[in-house]
Amino acid sequence: MKKLFLSILLIPILACQNQTIPTNIPELLDNNPTTTYTGSTGNNQLLFDVSYNTPVLSYKIYSTGELPANDPANWTLKGSNDGKEWTIVDERKDQLFCSRYQEILCVVQNPEKFKQYILEAATINNDTLKIADVILSDKNMKAGWENFKYPKVNFKSLDPDTEGSKIYHELVQNPDEYVKYHTQKVAEILYFSTADSIVDVQQIDYTLKDYDGVSAKGGGSPNINIVYSTQHIEKSAKESLYKLDFETRGVLYHELTHGYQYEPKGIGNYGNNKTFWACIEGIADAVRAEAGLFDMSTRKPGGNWMDGYRTTGFFLQWLTTKDPDAIRKFHRTAKELDVWSFDGAIKIVFGPEASIEGMWNEYQEYLKSQQ
Ligand SMILES: [Zn+2]
């Protein structure tokens with residue numbers, strides 16, 4: 001009896017609401033965090049109706065480049081097969097985004113097959129809701145990484161009165177969480193899962209400092225330190241807050257890779273061997289490129305795989321067009337080869353017939369065809 005009463009009461013209300021609920025909002029579905037959906041104050045309903053035929057197992061919600069007060073803080077994801085009866089599949093309270101343009105990844109608590117989904121969301125104080133993107137996935141995007149061990153992060157701004165330091169805090173609300181988030185993202189590109197023997201980084205000192213430069217990493221696992229220049233922050237922010245975010249994350253991917261990467265064996269060290277150096281800096285820029293944080297229009301034919309940084313990094317990232325795991329496999333050769341070389345690494349990843357010259361030449365042909 002109770003159930004019957006409820007459905008009689010609910011159907012007309014929801015059927016009526018359905019016509020006005022914003023549906024498949026382009027700004028939320030375009031995978032572009034600079035386009036913002038601006039809702040209303042209080043609780044907002046957003047409908048995702050694209051005839052899903054497998055259960056949504058996880059989803060991501062992205063904060064915008066606007067004020068944290070407009071971020072979603074409390075939300076419920078509901079599913080339905082008829083647009084009338086809605087079932088709660090996931091619910092979150094008091095969520096805080098650690099920065100602007102940042103994702104929160106949620107694994108759905110009660111996955112079930114539904115045709116459409118409604119996200120009901122409100123800000124912490126019922127201000128106007130603003131969201132950058134929503135991604136619903138039929139995969140568990142956390143799979144293999146549930147047990148990732150985060151390092152302890154100590155953030156310090158040595159020159160808090162600089163313009164760069166102030167802008168940094170407009171972008172990043174919680175620096176410790178922001179750095180931790182990126183440690184896992186770097187590990188996801190370098191390794192297959194937490195079952196791999198991931199370099200044990202236990203502590204990261206992350207420092208903002210007023211100096212003429214970009215960023216640098218010091219120390220070695222388990223304790224590393226990274227400094228990031230407030231002058232570079234100020235310069236990067238001139239174009240936009242998003243440009244600053246793009247640059248800050250990109251630099252962080254590169255420096256954190258140095259914390260998490262294996263070092264090639266049997267060929268000396270960073271200071272005395274060019275192959276060692278090119279491998280280390282090439283992989284760091286490959287990880288940044290794989291994260292989508294380089295302007296790929298700077299990628300041009302020419303140079304050599306021994307040039308390090310972008311020249312090597314873009315090449316290694318291009319290898320993922322042949323094998324999606326190419327960066328992970330290439331990185332693993334630093335552990336597998338007793339005397340590391342580019343050619344030896346390419347042979348492990350692509351077979352004994354492959355060679356560094358052959359692969360590089362093919363890459364050059366590809367770049368020329370893109371000109
Ligand atoms: Zn580097």
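A residue is called buried when its relative accessible area is under 20%, exposed when that area is over 50%, and partly exposed in between. The model is predicted. His 254 has a relative accessibility of 9%, so His 254 counts as buried. Glu 281 has a relative accessibility of 4%, so Glu 281 is buried as well.

Both residues belong to the zinc site. The protein donors of the zinc ion are NE2 of His 254, NE2 of His 258 and OE of Glu 281. Along the sequence, the donor residues follow the spacing H-x3-H-x22-E. His 254 sits in helix α6, which covers residues 241-260, and Glu 281 sits in helix α7, residues 274-290. The two residues are 27 positions apart, and the pair links distant parts of the chain.

Now step back to the whole protein. Its secondary structure comes to eleven helices and 13 strands. The C-alpha trace spans about 80 × 55 × 40 Å along its principal axes. There are 371 residues, and 49% of them are buried. Take the contacts with a separation of 6 or more: 70% of them join residues 24 or more positions apart. The protein exposes about 17,400 Å², and carbon and sulfur atoms supply 50% of that area.

Next come the strands. Strand β13, residues 223-229, pairs with β11 in the parallel sense over seven bridges. Within this pairing, Ile 204 has Ile 224 of β13 as its bridge partner. β13 also pairs with strand β12, residues 215-220. Here the strands run antiparallel and six bridges join them. Ser 215 stands opposite Tyr 228 in β13. β12 and β13 form a hairpin, with two residues between them.

Turn to the charges. How many salt bridges are there? The count comes to 20. One of them joins Glu 103 and Lys 60, with the closest N and O atoms 3.1 Å apart. Glu 103 is in strand β6 (residues 103-107) and Lys 60 is in strand β3 (residues 58-62), so this bridge ties together parts that are 43 residues apart in sequence. Are these two side chains buried or exposed? Glu 103 is buried, because its relative accessibility is 9%. Lys 60 is buried too, because its relative accessible area is 13%.

Glu 103 has another partner. Lys 185 forms a salt bridge with Glu 103, with 4.0 Å between the closest N and O atoms. Lys 185 lies in helix α4 (residues 175-190) and Glu 103 in strand β6, 82 residues apart, so to speak a link between distant parts of the chain. Both Lys 185 and Glu 103 are buried.

Compare a further pair. Asp 200 and Lys 149 meet in a salt bridge at 2.6 Å, N to O. Asp 200 lies in the loop between α4 and β11 (203-209), and Lys 149 lies in the loop between β9 (133-137) and β10 (152-157), so the pair ties together parts 51 residues apart in sequence. Asp 200 has a relative accessible area of 35%, so Asp 200 is partly exposed. Lys 149 is exposed, because its relative accessible area is 53%. Finally, salt bridges that share partners join Lys 60, Glu 103, Lys 185 and Glu 188 into one network.

How values were computed
Residues numbered from 1 in each chain as written. Heavy atoms only, no water. Salt bridge = Lys/Arg side-chain N within 4 Å of Asp/Glu carboxyl O. Helix = DSSP H or I, 4+ residues; strand = E, 2+ residues; numbered from the N terminus. Buried < 20%, exposed > 50% of the residue type's maximum accessible area, 1.4 Å probe, protein only. Pairing = 2+ DSSP bridges. Donors = N, O, S within 2.8 Å, 3.2 Å for Na, K, Ca; no water. Contact = heavy atoms within 4.5 Å. Areas by Shrake-Rupley, 256 points an atom, 1.4 Å probe, with all protein chains shown as cover.
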